[in-house]
Amino acid sequence: MPAVFVHGNPETAAVWDLLLAELKAAGAAPADLICLSPPGFGAPLPPGFGATVGEYRDWLIGELARFAEPVDLVGHDWGGGHVLNAVMNRPDLVRSWASDTIAAFEPDYVWHELAQRWQTPGIGEADVAARFGAPVEQRIATLIERGMGEAAAERVAQGQNEAMGRAVIALYTSAMPPVMAELGRDLENAARRPGLVFLATEDHAAGTTEQRCRAARRAGARVEVLDGLGHWWMTHDPARGAEALTRFWASLDHG
(Lines give C-alpha, C1' and ligand atoms only; values in the text may rest on other atoms or scores of the structure.)
Protein backbone atom coordinates (compact mmCIF):
# COMPACT_ATOMS: atom_id res chain seq x y z
CA MET A 1 0.00 0.00 0.00
CA PRO A 2 1.86 3.15 -1.15
CA ALA A 3 1.79 6.36 0.85
CA VAL A 4 1.80 9.40 -1.43
CA PHE A 5 2.86 12.87 -0.27
CA VAL A 6 1.92 16.15 -1.99
CA HIS A 7 3.53 19.45 -0.93
CA GLY A 8 2.40 23.01 -1.46
CA ASN A 9 3.69 26.56 -1.92
CA PRO A 10 6.40 27.86 -2.15
CA GLU A 11 7.91 24.43 -1.77
CA THR A 12 9.49 21.38 -3.30
CA ALA A 13 9.23 17.79 -2.09
CA ALA A 14 12.23 18.46 0.18
CA VAL A 15 9.82 19.64 2.89
CA TRP A 16 8.98 15.96 3.45
CA ASP A 17 12.56 14.70 3.82
CA LEU A 18 12.75 14.64 7.62
CA LEU A 19 9.25 13.19 8.00
CA LEU A 20 9.94 10.43 5.49
CA ALA A 21 13.17 9.58 7.30
CA GLU A 22 11.25 9.25 10.56
CA LEU A 23 8.63 7.04 8.95
CA LYS A 24 11.31 4.76 7.53
CA ALA A 25 13.16 4.61 10.85
CA ALA A 26 9.97 3.70 12.70
CA GLY A 27 9.54 0.69 10.43
CA ALA A 28 5.76 1.01 10.55
CA ALA A 29 5.31 2.98 7.34
CA PRO A 30 4.07 1.56 4.03
CA ALA A 31 6.76 -0.04 1.90
CA ASP A 32 6.50 2.70 -0.73
CA LEU A 33 6.78 6.37 0.28
CA ILE A 34 6.25 8.45 -2.84
CA CYS A 35 6.36 12.23 -3.32
CA LEU A 36 4.38 13.86 -6.11
CA SER A 37 5.50 17.36 -7.07
CA PRO A 38 2.74 19.62 -8.42
CA PRO A 39 3.67 21.30 -11.72
CA GLY A 40 5.64 24.47 -11.03
CA PHE A 41 6.53 23.41 -7.51
CA GLY A 42 9.62 21.31 -8.06
CA ALA A 43 8.34 19.94 -11.37
CA PRO A 44 8.16 21.62 -14.79
CA LEU A 45 5.08 23.53 -15.87
CA PRO A 46 3.77 21.59 -18.91
CA PRO A 47 2.81 23.60 -22.00
CA GLY A 48 -0.79 24.74 -21.71
CA PHE A 49 -1.05 24.00 -17.98
CA GLY A 50 -2.79 26.98 -16.41
CA ALA A 51 -1.91 26.17 -12.77
CA THR A 52 -5.47 26.70 -11.54
CA VAL A 53 -7.19 24.97 -8.62
CA GLY A 54 -9.14 22.74 -11.00
CA GLU A 55 -6.10 21.83 -13.07
CA TYR A 56 -4.13 20.78 -10.00
CA ARG A 57 -7.08 18.64 -8.89
CA ASP A 58 -7.16 16.96 -12.29
CA TRP A 59 -3.38 16.55 -12.29
CA LEU A 60 -3.46 14.77 -8.94
CA ILE A 61 -6.38 12.55 -9.93
CA GLY A 62 -4.44 11.57 -13.04
CA GLU A 63 -1.35 10.71 -11.00
CA LEU A 64 -3.34 8.66 -8.48
CA ALA A 65 -5.06 6.73 -11.26
CA ARG A 66 -1.66 5.36 -12.28
CA PHE A 67 -1.35 3.34 -9.09
CA ALA A 68 -2.53 -0.26 -9.13
CA GLU A 69 -4.31 0.14 -5.79
CA PRO A 70 -5.76 2.91 -3.63
CA VAL A 71 -3.10 4.87 -1.73
CA ASP A 72 -2.71 6.58 1.62
CA LEU A 73 -2.64 10.22 0.52
CA VAL A 74 -0.97 12.97 2.57
CA GLY A 75 -0.99 16.69 1.73
CA HIS A 76 0.54 19.87 3.14
CA ASP A 77 -0.41 23.49 2.44
CA TRP A 78 -1.78 23.74 -1.12
CA GLY A 79 -0.88 20.07 -1.50
CA GLY A 80 -3.42 19.45 1.25
CA GLY A 81 -5.96 21.43 -0.74
CA HIS A 82 -5.24 19.35 -3.83
CA VAL A 83 -5.65 16.21 -1.71
CA LEU A 84 -9.12 17.27 -0.54
CA ASN A 85 -10.17 18.32 -4.03
CA ALA A 86 -9.08 14.95 -5.43
CA VAL A 87 -10.70 12.92 -2.66
CA MET A 88 -13.97 14.84 -2.92
CA ASN A 89 -14.15 13.87 -6.57
CA ARG A 90 -12.45 10.45 -6.66
CA PRO A 91 -12.53 8.81 -3.23
CA ASP A 92 -12.07 5.44 -4.93
CA LEU A 93 -8.42 6.31 -5.63
CA VAL A 94 -7.42 6.45 -1.95
CA ARG A 95 -7.55 4.18 1.06
CA SER A 96 -7.16 7.18 3.37
CA TRP A 97 -6.21 10.83 3.33
CA ALA A 98 -4.43 13.27 5.64
CA SER A 99 -4.17 17.04 5.26
CA ASP A 100 -3.23 20.13 7.26
CA THR A 101 -5.23 22.34 4.91
CA ILE A 102 -9.01 22.14 5.15
CA ALA A 103 -10.37 25.41 6.55
CA ALA A 104 -9.96 27.09 3.14
CA PHE A 105 -13.08 25.21 2.04
CA GLU A 106 -15.18 26.89 4.74
CA PRO A 107 -17.37 29.83 3.60
CA ASP A 108 -15.98 32.18 6.26
CA TYR A 109 -12.31 31.48 5.60
CA VAL A 110 -10.21 34.60 4.89
CA TRP A 111 -6.98 34.29 2.91
CA HIS A 112 -3.85 35.28 4.81
CA GLU A 113 -2.11 38.57 4.02
CA LEU A 114 0.52 37.16 1.67
CA ALA A 115 -2.08 35.23 -0.32
CA GLN A 116 -4.13 38.41 -0.71
CA ARG A 117 -1.02 40.17 -2.01
CA TRP A 118 -0.52 37.43 -4.61
CA GLN A 119 -4.16 37.79 -5.63
CA THR A 120 -3.72 41.53 -6.30
CA PRO A 121 -2.85 42.38 -9.94
CA GLY A 122 0.56 43.99 -10.30
CA ILE A 123 1.46 43.67 -6.63
CA GLY A 124 1.45 39.87 -6.80
CA GLU A 125 3.63 39.71 -9.88
CA ALA A 126 6.14 42.13 -8.38
CA ASP A 127 6.27 40.15 -5.16
CA VAL A 128 7.00 36.77 -6.77
CA ALA A 129 9.55 38.32 -9.14
CA ALA A 130 11.47 39.68 -6.15
CA ARG A 131 10.93 36.58 -4.02
CA PHE A 132 11.91 33.89 -6.51
CA GLY A 133 14.44 35.99 -8.40
CA ALA A 134 16.49 36.70 -5.27
CA PRO A 135 19.86 35.03 -4.63
CA VAL A 136 19.52 31.58 -3.09
CA GLU A 137 20.91 32.76 0.27
CA GLN A 138 18.14 35.34 0.49
CA ARG A 139 15.51 32.76 -0.48
CA ILE A 140 16.75 30.49 2.30
CA ALA A 141 16.62 33.34 4.82
CA THR A 142 13.07 34.23 3.77
CA LEU A 143 11.85 30.66 4.26
CA ILE A 144 13.48 30.42 7.68
CA GLU A 145 12.02 33.80 8.68
CA ARG A 146 8.56 32.56 7.68
CA GLY A 147 8.97 29.47 9.84
CA MET A 148 10.54 26.66 7.82
CA GLY A 149 13.26 24.56 9.43
CA GLU A 150 16.75 25.47 8.28
CA ALA A 151 17.67 22.09 6.74
CA ALA A 152 14.48 22.01 4.67
CA ALA A 153 14.81 25.68 3.68
CA GLU A 154 18.27 25.10 2.25
CA ARG A 155 16.91 22.35 -0.01
CA VAL A 156 13.59 23.97 -0.90
CA ALA A 157 15.18 27.28 -1.91
CA GLN A 158 17.21 25.51 -4.59
CA GLY A 159 13.99 24.68 -6.44
CA GLN A 160 12.38 28.11 -6.29
CA ASN A 161 12.40 29.80 -9.70
CA GLU A 162 10.47 31.95 -12.16
CA ALA A 163 8.15 29.08 -13.10
CA MET A 164 7.15 28.66 -9.46
CA GLY A 165 6.36 32.36 -9.30
CA ARG A 166 4.05 32.07 -12.31
CA ALA A 167 2.34 29.06 -10.77
CA VAL A 168 1.83 30.91 -7.48
CA ILE A 169 0.05 33.82 -9.15
CA ALA A 170 -2.13 31.58 -11.31
CA LEU A 171 -3.08 29.30 -8.44
CA TYR A 172 -3.95 31.99 -5.94
CA THR A 173 -5.90 34.13 -8.39
CA SER A 174 -7.89 31.06 -9.45
CA ALA A 175 -8.82 30.49 -5.80
CA MET A 176 -10.24 33.92 -5.00
CA PRO A 177 -13.59 33.97 -3.18
CA PRO A 178 -16.03 32.37 -3.60
CA VAL A 179 -14.17 29.59 -5.47
CA MET A 180 -12.93 27.59 -2.48
CA ALA A 181 -16.21 27.85 -0.60
CA GLU A 182 -18.04 26.58 -3.67
CA LEU A 183 -15.65 23.63 -3.92
CA GLY A 184 -16.20 23.05 -0.21
CA ARG A 185 -19.86 22.32 -0.77
CA ASP A 186 -18.72 18.78 -1.58
CA LEU A 187 -16.51 18.40 1.49
CA GLU A 188 -18.80 15.74 2.92
CA ASN A 189 -17.74 13.49 0.02
CA ALA A 190 -14.31 13.19 1.66
CA ALA A 191 -15.97 11.28 4.50
CA ARG A 192 -16.25 8.31 2.15
CA ARG A 193 -12.65 7.51 3.08
CA PRO A 194 -10.95 7.72 6.50
CA GLY A 195 -9.36 11.12 6.99
CA LEU A 196 -6.92 12.82 9.34
CA VAL A 197 -6.58 16.59 9.78
CA PHE A 198 -3.35 17.94 11.25
CA LEU A 199 -4.05 21.01 13.38
CA ALA A 200 -0.79 22.80 14.10
CA THR A 201 -1.76 25.35 16.71
CA GLU A 202 0.81 27.96 15.59
CA ASP A 203 -0.10 27.74 11.90
CA HIS A 204 -1.63 31.16 11.33
CA ALA A 205 -2.22 30.68 7.58
CA ALA A 206 -4.52 27.67 7.89
CA GLY A 207 -7.62 29.34 9.28
CA THR A 208 -8.96 29.41 12.81
CA THR A 209 -9.09 26.38 15.06
CA GLU A 210 -12.89 26.53 14.90
CA GLN A 211 -12.87 26.58 11.09
CA ARG A 212 -10.46 23.67 10.89
CA CYS A 213 -12.41 21.55 13.38
CA ARG A 214 -15.72 22.39 11.69
CA ALA A 215 -14.37 21.41 8.28
CA ALA A 216 -12.87 18.21 9.71
CA ARG A 217 -16.29 17.24 11.11
CA ARG A 218 -17.88 17.83 7.73
CA ALA A 219 -15.22 15.65 6.10
CA GLY A 220 -15.64 12.92 8.71
CA ALA A 221 -11.99 13.21 9.74
CA ARG A 222 -10.26 12.81 13.06
CA VAL A 223 -8.14 15.76 14.24
CA GLU A 224 -4.53 15.47 15.36
CA VAL A 225 -3.52 18.54 17.37
CA LEU A 226 0.15 19.48 16.97
CA ASP A 227 0.44 21.81 19.93
CA GLY A 228 3.10 24.48 19.61
CA LEU A 229 3.98 23.68 16.00
CA GLY A 230 3.55 26.01 13.03
CA HIS A 231 2.88 25.82 9.32
CA TRP A 232 5.99 23.74 8.55
CA TRP A 233 5.48 21.32 11.43
CA MET A 234 7.11 18.45 9.52
CA THR A 235 10.40 20.36 9.37
CA HIS A 236 10.51 21.04 13.12
CA ASP A 237 9.10 17.93 14.80
CA PRO A 238 8.94 15.22 12.14
CA ALA A 239 8.84 12.49 14.80
CA ARG A 240 5.48 13.76 16.09
CA GLY A 241 4.03 13.85 12.59
CA ALA A 242 5.37 10.38 11.80
CA GLU A 243 3.90 9.00 15.00
CA ALA A 244 0.49 10.47 14.18
CA LEU A 245 0.52 9.06 10.66
CA THR A 246 1.65 5.58 11.69
CA ARG A 247 -1.01 5.51 14.43
CA PHE A 248 -3.65 6.58 11.89
CA TRP A 249 -2.57 4.01 9.32
CA ALA A 250 -2.43 1.27 11.97
CA SER A 251 -6.02 2.04 12.93
CA LEU A 252 -7.06 1.38 9.33
CA ASP A 253 -5.32 -1.99 9.34
CA HIS A 254 -6.91 -3.07 12.61
CA GLY A 255 -10.15 -1.11 12.61
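Colleague: Where is Pro10 found?
Modeller: Pro10 is in the loop between β1 (3-6) and α1. Helices (H or I, at least four residues) and strands (E, at least two) are DSSP runs, numbered from the N terminus. This is a predicted model, in which local features need pLDDT of at least 70, side-chain atom pairs count only at pLDDT 80 or more, and totals for chains, interfaces and linings use all residues. Residues are numbered from 1 along each chain as its sequence is written, and side-chain values use heavy atoms, with hydrogens and water left out.

Colleague: Which residue does the cis peptide bond join to Pro10?
Modeller: Asn9, with omega at about -5°. The bond from Pro177 to Pro178 is also cis, with omega near 10°. Most peptide bonds are trans.

Colleague: Where does Pro177 sit, and is it buried or exposed?
Modeller: Pro177 is in the loop between α8 and α9 (179-183), and Pro178 lies in that loop too. Pro177 has a relative accessible area of 64%, so it counts as exposed. The cut-offs are under 20% relative accessible area for buried, over 50% for exposed, and partly exposed in between (1.4 Å probe, protein chains only).

Colleague: Changing topic, how many aromatic pairs turn up?
Modeller: A search of the whole structure gives 9 aromatic pairs (rings of Phe, Tyr and Trp, its six-membered ring, with centres within 6.5 Å; planes under 30 degrees apart are stacked, over 60 edge-to-face, the rest tilted). Trp78 and Tyr172 have ring centres 5.8 Å apart and planes at 85°, so they are edge-to-face. This pair links distant parts of the chain, 94 residues apart, with Trp78 in α3 (residues 78-89) and Tyr172 in α8 (residues 162-174). Trp78 is buried at 6% relative accessibility, and Tyr172 is buried at 2%.

Colleague: What geometry do Trp111 and Tyr172 have?
Modeller: Their ring centres are 5.5 Å apart and their planes are at 70°, so that pair is edge-to-face. Trp111 lies in the loop between β4 (94-99) and α4 (113-118) and Tyr172 in α8, so the pair ties together parts that are 61 residues apart in sequence. Ring pairs link Trp78, Tyr109, Trp111, Trp118 and Tyr172 into a cluster.

Colleague: Which residues touch the most other members of the largest nonpolar core?
Modeller: Leu60, Leu73, Leu84 and Trp97, out of 50 residues in that core. Helix α8 supplies its largest share, 7 residues. There is a second, separate core of 31 residues, including Trp16 and Phe248. A nonpolar core here is a set of buried Ala, Val, Leu, Ile, Met, Phe, Trp, Tyr and Cys residues joined through side-chain atoms within 4.5 Å.

Colleague: What is Leu73 in contact with?
Modeller: Leaving aside neighbours within four places in sequence, its contacts (heavy atoms within 4.5 Å) include Val4, Leu60, Val87 and Trp97.

Colleague: And the sheet, what is the strand order?
Modeller: It is an open sheet of 6 strands, β2-β1-β3-β4-β5-β6, with parallel pairing (two strands pair if DSSP finds at least two bridges between them). β2 (33-36) and β6 (221-226) are the edge strands, each with a single partner strand, so one side of each has no neighbour in the sheet. Direction ignored, neighbouring strands are turned by 20° against each other on average.

Colleague: How many bridges join β5 to β6?
Modeller: 6, between β5 (residues 195-200) and β6, running parallel. Val197 stands opposite Val223 in β6. Helix α10 (residues 209-218) lies across β5 and β6, at about 175° to β5. For that angle, axes are lines fitted to C-alpha atoms, for helices over the stretch in contact, and angles run from 0 to 180 degrees between N-to-C directions.

Colleague: Last one, how many disulfides?
Modeller: 0, taking a disulfide as a pair of cysteine sulfur atoms within 2.5 Å. Cys35 is partly exposed at 29% relative accessible area, and Cys213 is partly exposed at 22%.
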